[in-house]
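Let's work through a few exercises together, one step at a time. Keep the sequence and the 3D view open while you read.

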Amino acid sequence: MINKIKNYFLRRKFSQEYQVLDLVQAKFKNLQTILEAGGHNGKDSLRINSYWPQASLYVFEPEPELYAALEKKTKGIANIYPFQFALSDKEGFVEFHRSSGKSDGSSSLLKPKEHLVAHPEVYFEESFKVKAVNLDAWTLEKGIDKIDFMWLDMQGHELSVLKGSPSILAKTTVIYSEVSLIETYEGVELYPEFRSFMKSIGFEVFIEYLTWKDMGNVLFIRKEFI
């Protein structure tokens with residue numbers, strides 16, 4: 001049955017993002033708490049919200065211009081809450097490497113490495129400090145005791161955030177995350193380590209999108225919900 005569900009949605013001629021949202025909605029229709037990290041300009045935020053308009057959607061984007069676009073795009077949508085800081089395994093002000101050129105979506109808390117070779121048309125000519133918060137500390141402060149769905153696009157910093165937030169991670173059901181297949185950024189943990197860690201804490205790979213040589217995306221679901 002699970003494979004039939006996957007195959008049905010994969011045959012639909014939608015983008016990867018819509019396929020994933022279709023898959024998650026087919027299994028979880030009434031999500032209440034959703035977190036998006038790496039909100040960019042709000043495009044995915046609006047997509048996610050269109051599937052679960054009843055849910056509280058917390059969106060994090062530290063880059064000032066992108067945050068302004070995110071805030072403008074989601075203004076007036078009462079259940080979307082944008083925040084202008086980064087999630088990390090520690091708190092404080094950290095170095096942020098801004099991307100430009102062909103992509104403004106490759107910025108990261110990690111210093112670019114093989115990304116410079118794989119995507120020479122993307123430049124990293126500027127870095128500056130941004131505020132970073134720990135997810136466990138933030139959810140405790142906000143009184144959030146569980147997260148139904150995480151949508152993570154943090155350019156190599158996803159696993160550090162998850163490892164640094166064991167309390168809320170133990171109360172999370174679904175995670176869709178970007179993963180690294182090569183050392184795109186300095187010190188990034190590669191997908192095999194990511195997958196092994198997720199399995200060790202009770203998540204299974206539901207579907208993989210490993211279509212690029214450097215990075216991909218994976219949908220993880222807690223084992224008891226598959």
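**Exercise 1: Meet one residue**

Leu-46 lies in helix H3 (helices are DSSP runs of H or I with at least four residues, strands are runs of E with at least two, and both are numbered from the N terminus). Before going on, note that this is a predicted model, in which local features need pLDDT of at least 70, side-chain atom pairs count only at pLDDT 80 or more, and totals for chains, interfaces and linings use all residues. Residues are numbered from 1 along each chain as its sequence is written, and side-chain values use heavy atoms, with hydrogens and water left out.

Task: find out how Leu-46 is placed and which residues it touches.

Step 1. Leu-46 has 32% relative accessibility, so it counts as partly exposed (buried is under 20% relative accessible area, exposed is over 50%, and partly exposed is in between, with a 1.4 Å probe and protein chains only).

Step 2. Leaving out residues up to four places away in sequence, Leu-46 touches Lys-73, Thr-74, Ile-77 and Ile-80 (contact means heavy atoms within 4.5 Å).

Step 3. Take Ile-77 from that list: it sits 31 residues from Leu-46 along the chain, and their C-alpha atoms are 9.4 Å apart.

**Exercise 2: The whole chain**

Task: describe the overall build of the protein chain.

Step 1. Count the elements: the chain has 9 helices and 10 strands.

Step 2. The radius of gyration is 17 Å, close to the 17 Å that the globule rule gives for 226 residues, so the chain is as compact as a globular protein of that length (the radius is taken over C-alpha atoms, and the rule is 2.2 Å times the number of residues to the power 0.38).

Step 3. Along the principal axes, the C-alpha atoms fill a box of roughly 50 × 35 × 35 Å.

Step 4. Buried residues make up 51% of the 226 residues.

**Exercise 3: The cores**

Task: locate the largest nonpolar core and say which residues have the most contacts inside it.

Step 1. This core has 29 residues, and those with the most contacts inside it are Leu-35, Leu-87, Trp-138, Met-150 and Leu-162 (a nonpolar core is a set of buried Ala, Val, Leu, Ile, Met, Phe, Trp, Tyr and Cys residues joined through side-chain atoms within 4.5 Å).

Step 2. Helix H9 (residues 191-200) gives the largest share of this core, 4 residues.

Step 3. Apart from it lies another core of 25 residues, including Leu-21 and Tyr-209.
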